[in-house]
Amino acid sequence: MQVDMWADVVCSWCGIANRRVKQAIAAFEHADQVTLVHHSFRLLDSAEEGTSLSFGEYFATLGMTQAQMRQAAGQVERVAASDGIDEYHVSDNTIGNTTLAHEFLAFASEHGDHNAAWDLMLESHFAVRAPLWSIADLTAFAAPLGLDPVAARTALEARTYRDRVVAEHQQLVSFGANGVPFLVIDNKYAVAGAQPVSVITAALERAWNEGVQA
């Protein structure tokens, strides 16, 4: 059974959802028969590449005040803390067009461990506010994943995986969704948002039982 998860690496709820999905799968009776596959979605796909905004600056572009930003960011940070995530920076973090970051993830998926690459980038961005905006920023993730930094740089400079990233983004849009995190379980059940582990587990069980009966 496959769990497809669309996410953006600067989506504050996606970091929480990624952890919850893994916990739900680990607790599932048939966990050894479940594959988690991440897909790219870019919240700010029309923004200029190679630049970023502070979270406060981004909220200002939406017409929201700093107080509203702090309230929204604080809610996410409190949820992360309640989930046992010790360091999770939202209000003092950055956001921007992540197309190039997703191209690196596509490179890493093809040449190494798909889920390890997603985990590392999500955790690095929210735990230590690692920048994701330049080729140099992204090739720094290669060595920890056991990948060749030179090959990664070559792929990013050539935009080898750009079409793949855009196609994954458009696939979710074609489903009628316009935000992430978003799960599709066994091509049957959609789970939108960073739902509790119990909700994800229930969806796994329902999809599994229906698959067995079929």
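1. A quick definition before we start: a pocket here is an open set of grid points with protein on both sides within 12 Å along at least five of seven lines, and its lining residues have an atom within 4 Å of a point. Keep in mind that this is a predicted model.

2. With that in hand, look at the second largest pocket, which holds about 180 Å³ of space. Its lining is made up of Gly15, Asn18, Arg19, Lys22, Ile85, Glu87, Tyr88, Asp119, Leu122, Glu123, Phe126 and Ala127. The top contributor is α5, with five residues. By class, the lining splits into five nonpolar, two polar and five charged residues.

3. Now for the largest pocket, at about 230 Å³. It has 14 lining residues, and those nearest its centre are Ser12, Leu43, Phe55, Tyr58 and Phe59. Two or more lining residues come from each of α1 (12–27), α2 (55–61) and α3 (66–82). The class count here is 13 nonpolar, one polar and no charged.

4. On to the sheet. Four strands form an open sheet in the order β2-β1-β5-β6, and the pairing is mixed. From one strand to the next, the twist averages 20 degrees.

5. Inside that sheet, β1 (residues 2–7) and β5 (residues 182–185) run antiparallel and are joined by four bridges. Methionine 5, for instance, has leucine 183 of β5 as its bridge partner.

6. Last, the helices over the sheet. α5 lies across β1 and β2, at about 55 degrees to β2. Helix α8 (residues 162–174) lies across β1, β2 and β5, at about 100 degrees to β2.

Note on methods
Residues numbered from 1 in each chain as written. Predicted model: local features only at pLDDT ≥ 70, side-chain atom pairs only at ≥ 80, totals over all residues. Heavy atoms only, no water. 1 Å grid on protein atoms, 1.4 Å probe; cavity = no way out; pocket = protein on both sides within 12 Å on 5 of 7 lines; lining within 4 Å. Points joined across faces, edges and corners; volume = space filled by probe spheres on them. Nonpolar A, V, L, I, M, F, W, Y, C, P; charged D, E, K, R; others polar. Pairing = 2+ DSSP bridges. Axes fitted to C-alpha atoms, helices over the stretch in contact; angles between N-to-C directions. Contact = heavy atoms within 4.5 Å.
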